[in-house]
Amino acid sequence: GVFTYCILKGLEEKEADKTNEGGDNDGHVGVQELMRYVSNKVPALTGGKQQPTSRRENLDFDWVIK
C-alpha cells in the first residue's frame, strides 16, 4: 500500500534524507528522518485518508538505516 511505498521510496531513493522532506541531506537515512518523511507523505498521497502513527521520538535510538 501507500505506507510501504513511502518506506521503500524513503529508503531506496533516500527521499527521507532530503532537506525539503525533513532530512539533513547527509547521504544517510536515519530512523527519525524516515518517520518524518512517512508521516508527511502518506497523508499527502492519500488526501488525508491515511494517517500513520508512531511512538514518540526517541533521539537515543536514532540510528542510520541506510
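Predicted model: local features only at pLDDT ≥ 70, side-chain atom pairs only at ≥ 80, totals over all residues.
**Reading the terms in this model**

Reader: Why is R56 called exposed?

Author: Its relative accessible area is 73%. Buried means under 20%, exposed over 50%, and partly exposed in between (1.4 Å probe, protein chains only). With 73%, R56 therefore counts as exposed. T53 is also in the segment after α2, and its 76% makes T53 exposed too.

Reader: What makes E15 a buried residue?

Author: E15 has a relative accessibility of 15%, so it falls in the buried class. E15 belongs to the loop between α1 and α2. Leaving aside neighbours within four places in sequence, E15 is in contact (heavy atoms within 4.5 Å) with K9, G10, E21 and Y37.

Reader: And how do you know whether D17 is buried or exposed?

Author: The value for D17 is 4%, so D17 is buried. D17 lies in the loop between α1 and α2. Not counting residues up to four places away in sequence, D17 touches G23, D24, N25, D26, G27, H28, V29 and E33.

Reader: What makes the phi of K14 worth a remark?

Author: Most residues other than glycine have a negative phi. K14 is not a glycine, yet its phi is positive, about 55°. K14 is in the loop between α1 and α2, and at 28% relative accessible area it counts as partly exposed. N25 is another non-glycine residue with a positive phi, near 55°. N25 is in the loop between α1 and α2, and its relative accessible area of 54% makes it exposed.

Reader: Which residues form the largest nonpolar core, and what makes it a core?

Author: The eight residues are C6, L11, A16, V29, L34, Y37, V38 and V42. Such a core is a set of buried Ala, Val, Leu, Ile, Met, Phe, Trp, Tyr and Cys residues joined through side-chain atoms within 4.5 Å. α1 (2–12) and α2 (31–45) each supply at least two of its residues, and the largest share, four residues, comes from α2. C6 touches Y37, V38, K41, V42 and L45, not counting residues up to four places away in sequence.

Reader: Why is α1 called oblique to α2?

Author: The two helices pack at an angle of about 135°, with their axes 9 Å apart. Axes are lines fitted to C-alpha atoms, for helices over the stretch in contact, and angles run from 0 to 180 degrees between N-to-C directions. Under 35 degrees is roughly parallel, over 145 roughly antiparallel, 65 to 115 roughly perpendicular, and the rest oblique. The angle therefore makes α1 oblique to α2.

Reader: Which residues make this contact, and of what classes?

Author: From α1 come V2, F3, Y5, C6, I7, K9, G10 and L11, and from α2 come L34, Y37, V38, K41, V42 and L45. By class, there are 11 nonpolar, one polar and two charged residues. Here Ala, Val, Leu, Ile, Met, Phe, Trp, Tyr, Cys and Pro count as nonpolar, Asp, Glu, Lys and Arg as charged, and the others, Gly among them, as polar.

Definitions and conventions:
Residues numbered from 1 in each chain as written. Heavy atoms only, no water.
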